[in-house]
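Here is a short tour of the fold you are about to see, from the whole chain down to one residue.

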Amino acid sequence: MKNVVLFIILFITVGLVESNAQSVLVEAESFQNKGGWVVDQQFMDQMGSPYIMAHGMGEPVADATTTVQFPKDGAYHIFVRTFNWTAPWYEGEGPGKFELLLEGQSTNITLGSEGSEWIWQQAGKVNVVNKTLKIGLRDLTGFNGRVDAIYFSKSANPPTNDFTALNEFRNKALKIKPRKAGKFDLVVVGGGVAGTAAAISAARLGVKVALIQDRPVLGGNNSSEVRVHLGGRVKVHPFPALGDVVNEMGPTRGGNAQPAAYYEDEKKMEMVLAEENISLFTNYRAYEVKTKGAKITGVWARNIETSEELFFSAPLFADCTGDGTIGFLAGADFAMGRESKEQYGEATAPEKADAMTMGASVQWYSVESEKEEHFPDFQYGVEFNEANAEQVTMGEWTWETGMNFNQISEFERIRDYGLLVVFSNWSFLKNHSSKKQKYQNRKLDWVAYIAGKRESRRLLGDLVLKEQDLTNHVLYPDASAPTSWTIDLHYPDPKNTAHFPEKEFKSIAVHKAIHLYPIPYRCFYSRNVDNLFMAGRNISVTHVALGTVRVMRTTGMMGEVVGMAASIATAHKTNPWGVYQNYLDELNGLMEVGVGKYKMENMQKYNEGQTLGPKTE
Amino acid sequence: MRTVGLHWPVIIVFLFGAIGFSYENPENLPPDFLDAKGICVVHSFADSADLISDQEIIELQDEDGLPIWFARHIFKDVCISGKCRMVRLWLFWDGVGNYHGFKLLEHEPLTKSDHTQFEAADYKKLDEILSDSLSILKDLKQEDLVIIPDSIDNPYELDGYTAATQPALSEVVVKDAVYTCHTLWHTVYGNTQEKIRSLLTARLDQSFLEAMFKTGDVSKKLWVVKMVDQHPEYHAHFYLRFIECMKSGDNLLAESTLSYFRGAMLDDILIQTKLVETMPSLSLHQNTELIWKLVDCDLLADESVVRLLEHVQAEELPVGLLNLIYRLIKPEHLEDPQVVEKLADFSQAEDVYIRNMTKRLLQRTKE
Ligand SMILES: Cc1cc2nc3c(=O)[nH]c(=O)nc-3n(C[C@H](O)[C@H](O)[C@H](O)COP(=O)(O)OP(=O)(O)OC[C@H]3O[C@@H](n4cnc5c(N)ncnc54)[C@H](O)[C@@H]3O)c2cc1C
């Protein structure tokens with residue numbers, strides 16, 4: 001493992017700050033000391049940048065501070081890019097209030113509580129002496145105030161908010177110049193279970209891999225940041241050696257929304273760091289691709305704290321982002337939403353195609369404390385009362401939002417609605433419920449701010465897996481990673497709809513059992529981008545088929561297969577399609593042997609799923 | 001049993017079957033309890049909730065005075081809205097109060113809502129239902145059992161003769177006998193069982209627990225584990241035996257003894273050591289659970305840390321547990337030369353995963 005990234009992070013201690021004679025731009029995520037503020041990169045592709053957020057679950061978080069160098073002394077206007085995140089549901093002042101500190105003193109201007117979209121909010125003026133200024137952000141509420149950037153300008157005009165223009169402004173202002181990350185055989189984007197398994201599998205077969213992950217930890221939904229446990233079966237017919245990597249890196253204990261330790265982040269990280277052939281780039285988000293004809297030649301990624309940019313080139317790429325971001329940027333064919341019955345003849349599909357997807361979850365839990373615990377009154381447009389409140393002390397997968405919203409372009413709103421309902425419901429239980437006594441000593445211990453996604457883009461491959469393939473057990477010659485979970489599709493919970501029409505936040509799951517079904521390899525590469533593999537929930541399946549394949553032991557096995565195929569493609573200088581066309585036997589050979597490193601009994605025995613369905617054909 | 005008084009058990013020594021009970025035993029039922037030999041003890045039982053059944057519980061004891069089974073002669077009305085049908089049978093609980101079986105009286109078969117008799121398969125099903133202490137019937141009231149069609153004015157009939165059994169239930173009850181199943185299930189898991197348990201706890205002392213445990217009978221061992229869990233004063237006497245039981249081929253016993261060890265108990269160095277020593281004989285699942293439990297305890301003895309590392313070296317524990325084992329290691333452990341030596345070995349391991357993780361652990365614990 002090359003320690004490029006760790007090195008860079010360690011040595012960039014001063015935040016990335018632009019300065020010219022007239023203005024200085026400070027990216028909030030580059031603050032030297034973030035105090036209790038967290039870095040949130042999830043919506044970078046929509047609003048242009050990572051930001052920092054005061055995720056204090058109702059308790060103000062510690063100040064973030066940094067020192068800014070100015071080219072010139074004198075008076076500057078100050079603008080802070082922020083907005084009122086509850087604006088979609090509530091017209092008044094929002095809860096995400098914070099203040100700017102200058103040399104430790106508050107400017108006494110409340111920020112973060114207005115604006116229905118990201119805006120540059122006026123934050124007063126400052127007179128800079130000695131060309132330095134210590135600035136800080138003071139959270140006032142613990143309710144997710146957020147800051148993208150702070151702009152000091154001699155002029156009274158804030159920068160633009162137009163996405164493209166702002167990006168240009170930012171790049172110019174921060175003098176961002178991408179560096180070459182190196183040359184690789186395979187670039188894997190997305191370090192969820194699928195991407196991590198793909199990288200390990202390829203690396204063990206001698207492929208030089210770059211693994212780009214936009215968070216500090218690996219595992220995606222299975223990390224301690226999202227806390228979803230692994231599901232599905234590994235090491236089963238017809239390829240019992242598939243799943244070895246999942247078994248080696250997977251947590252040993254099940255449970256959604258449990259304490260962070262359950263998810264064994266360190267194990268996934270160490271498994272990757274142990275591979276000499278992997279260069280790991282954590283905290284980098286891939287945001288742009290370079291193409292030539294139908295091929296991707298490179299990917300640009302930006303550090304979510306320092307804004308540093310790297311360019312990765314390779315003959316092969318694997319999109320394991322979950323959102324199919326790399327494919328989308330490269331013009332890959334994709335689907336999103338539900339197909340109509342007519343399109344693939346699926347029994348479970350709706351008559352008419354629509355945009356509905358499964359939703360995203362902000363999971364949470366509370367703990368019992370020894371003393372009474374206060375929680376502020378939190379009411380921002382979604383009313384909770386005796387009849388509709390959820391009388392619970394934790395919320396896991398059934399807390400699901402955004403099924404009727406776009407899981408990419410509207411994802412910030414979807415995540416925020418998840419936060420809003422958790423806080424509003426909790427506030428009701430703590431402060432107004434007739435049973436509030438029961439909650440008196442309870443305290444929110446964890447509420448996710450990285451939302452767990454289930455579905456967005458599905459990149460289309462040479463074969464699109466559909467319901468009948470699964471239920472009729474239609475086997476293809478390129479059968480590979482077996483899926484075993486039921487076809488598990490989520491819908492708004494009718495009880496929740498009755499109380500919160502069109503504002504549902506709870507879901508139900510409808511299951512259809514299937515037999516162990518080996519997914520065809522052709523679902524794992526793009527049909528129109530020549531050198532793009534995919535593994536994870538963004539593979540080539542219909543909405544209905546996604547119901548089974550999306551669980552992470554299965555996505556992990558997809559990753560293993562993609563890693564194997566990448567090794568074959570590298571050795572024979574061919575592309576993913578070439579592997580299907582000419583080297584399927586070789587792929588079968590690798591799938592039979594697997595890429596496990598350790599003699600290890602199957603430790604992945606929890607949450608394997610329901611009894612398998614019949615094998616119809 | 002110390003005295004025989006008015007409310008005390010009457011002790012009769014006999015061969016149960018020999019005194020002339022003559023019951024029909026449908027096919028597929030458990031063995032004929034009444035043929036069992038032993039000492040019969042009759043406990044009077046004033047059951048205010050069930051005045052029709054015999055107001056006594058019969059206990060069959062072995063020659064050492066240990067319970068073999070308990071039985072009660074049950075007369076029950078299976079009824080709804082006033083229409084009733086009498087059910088008569090013997091119910092049996094094993095020596096620790098778990099459902100054990102039933103026995104019918106001659107010429108008194110169970111019948112269904114349409115007055116047809118239970119068939120062998122129905123008796124078998126009933127036995128399965130009654131064996132399931134967590135049955136879906138547990139939380140259901142009689143009125144939850146059927147769906148009553150709107151068209152019926154007075155829809156109540158025994159066992160859903162006119163009304164359909166709830167779909168969720170139809171799979172799990174004897175067809176057309178939902179009320180019988182419900183009534184008997186609640187009889188099995190009702191007052192009588194509670195009474196049996198109190199009869200047993202009244203005898204609780206070390207020698208009784210010891211004798212029960214020694215029988216080798218799994219349900220008796222499970223009962224002892226439960227009792228010791230509730231009465232920590234017996235812990236010292238039993239815990240080593242519980243550790244042995246973790247190796248049992250009986251999953252339930254192995255699991256129960258594993259769950260017995262938890263919380264503050266694991267801060268005891270002797271227990272820690274014994275548990276860690278036993279690991280090579282346990283399943284992967286048990287070892288994983290055990291290590292998670294140890295992660296939660298205050299401080300693991302140096303010796304146990306060394307043993308755990310040795311288990312990994314000897315491949316008795318998989319590498320996949322090493323990260324959890326490292327969570328157990330605190331700076332204090334690095335004062336022990338044996339721990340230091342072992343970790344030094346690991347930090348030179350050929351395997352990069354082990355090597356890296358060990359180096360990082362050493363770095364972390366030094367900070
Ligand atoms: C609440 C909930 C409960 C669920 N229950 C289960 C369950 O019980 N068992 C189960 O197995 N599955 C479950 N699922 C489904 C499963 O978690 C998802 O389908 C998962 O997304 C599949 O894994 P993945 O590797 O494809 O994607 P992800 O886990 O989403 O990983 C993708 C990773 O890529 C990173 N990334 C994204 N874009 C970029 C980029 N541009 N640059 C760099 N990195 C990027 C992301 O940060 C993320 O870490 C559940 C999902 C949710 C939300």
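Helices (H or I, at least four residues) and strands (E, at least two) are DSSP runs numbered from the N terminus. By that reading, A:F152 sits in strand β12 (residues 149-153) of chain A.

This is a predicted model, in which local features need pLDDT of at least 70, side-chain atom pairs count only at pLDDT 80 or more, and totals for chains, interfaces and linings use all residues. Residues are numbered from 1 along each chain as its sequence is written, and side-chain values use heavy atoms, leaving out hydrogens and water.

Now to A:F152 itself. The residue is buried, with a relative accessible area of 0%; buried means under 20%, exposed over 50% and partly exposed in between, with a 1.4 Å probe and protein chains only. Not counting residues up to four places away in sequence, A:F152 touches several residues, including A:V24, A:F70, A:Y76 and A:I135; contact means heavy atoms within 4.5 Å. From A:F152 to A:G547 there are 395 residues in sequence and 49 Å in space, C-alpha to C-alpha.

Stepping back, chain A has 16 helices and 30 strands. A few values for the whole chain:

| Item in chain A | Value |
|---|---|
| Span of the C-alpha trace along its principal axes | about 75 × 60 × 45 Å |
| Buried share of the 617 residues | 62% |
| Contacts joining residues at least 24 apart, among those at least 6 apart in sequence | 78% |

Definitions and conventions. Chains are lettered from A and ligands numbered from 1 in the order in which they are written.
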